Amino acid sequence: MAQNQTDPVEYPDVLENIKEICYNVENAKAKYRKSGDEVRIMAVTKTVPAEKINFAVKNGFTLLGENRVQEYLSKKDLYDKTAEVQFIGHLQTNKVKYIVDEVSLIQSVDSLKLAAEIDRLAGKKGRIMNVLAEINIGGELSKSGVSVEGLEELIYGISGMNNISLKGLMAIPPVGSGEEVFDKMHGIFLSVKEKSIPNVSMDILSMGMSGDYETAIKHGSNLVRIGTRLFGARKYLEG
Ligand SMILES: *Cc1c(COP(=O)(O)O)cnc(C)c1O
């Protein structure tokens, strides 16, 4: 192992959590999915110090999910360079410039205005930015995400953009959601996929967090985003 980072710090609790999450994910896959289906596990990093994140990376959790632009910018230089970073938090158009050259995927695109700004800045950098459309599947007023009714317009709008490529859907089902909410999300994912829209490939269904990742896997998720269950309770509450 390269010694270009600070000395490795041991986090036995995180190691236990990693084992348990992997076990549960494998179990859910065996129970509910066809063999060969892949489910990626993302480590959600908000409020977690870089050394602890790097410990998870070294132990196989190499996909990181970032919520806040400021926090990410303050930590990114400390991250293990083998990690892949995706953006999952609410993104203001005026902050796109800080991450467009940094992350491999933006999961939280919920408006044409935001998509257009990502398209514009990715074009300036000469790259194609991969994105997911975030759906407000629970219709919660306090949550970001495009409404189910507004999804089609967003998808066709992105389809026409040159420097942005739509790879799938993301959702945060409300806490305590019944399985029908996860199933509805899976249904939307499959119906968009069936349409074979140009520049739109429904490869990724990002759904499931600490409290519901097994349910999400049952209903077609292939990317689960885990924070608390991996790193422990966060120090302050999320806005
Ligand atoms: C915080 C967060 C998560 C992880 O939540 P936990 O319940 O701590 O696992 C996943 N996705 C998004 C978008 C988040 O903001």
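How do the residues of the lining of the largest cavity divide into nonpolar, polar and charged? They divide into three nonpolar, two polar and three charged, where Ala, Val, Leu, Ile, Met, Phe, Trp, Tyr, Cys and Pro count as nonpolar, Asp, Glu, Lys and Arg as charged, and the others, Gly among them, as polar.

The views show a predicted model, in which local features need pLDDT of at least 70 and side-chain atom pairs count only at pLDDT 80 or more, while totals for chains, interfaces and linings use all residues. Residues are numbered from 1 along each chain as its sequence is written, and side-chain values use heavy atoms, with hydrogens and water left out.

**View 1. The chain has nine helices and eight strands.** Helices (H or I, at least four residues) and strands (E, at least two) are DSSP runs, numbered from the N terminus. The chain is as compact as a globular protein of 239 residues, because its radius of gyration of 17 Å is close to the 18 Å from the globule rule (taken over C-alpha atoms; the rule is 2.2 Å times the number of residues to the power 0.38).

**View 2. The largest cavity has a volume of about 40 Å³.** A search of the whole structure finds one cavity of 30 Å³ or more. A cavity is a set of points, on a 1 Å grid over the protein atoms alone, where a 1.4 Å probe fits but cannot get out; lining residues have an atom within 4 Å of a point. Grid points are joined across faces, edges and corners, and the volume is the space filled by probe spheres set on the points. Glu134, Ile135, Asn136, Ile137, Glu140, Lys143, Ser144 and Ile172 line the largest cavity.

**View 3. Thr47 has a positive phi, near 70 degrees, and is not a glycine.** Thr47 lies in the loop between strand 1 (40-44) and helix 2 (50-58).

Note on methods
1 Å grid on protein atoms, 1.4 Å probe; cavity = no way out; pocket = protein on both sides within 12 Å on 5 of 7 lines; lining within 4 Å.
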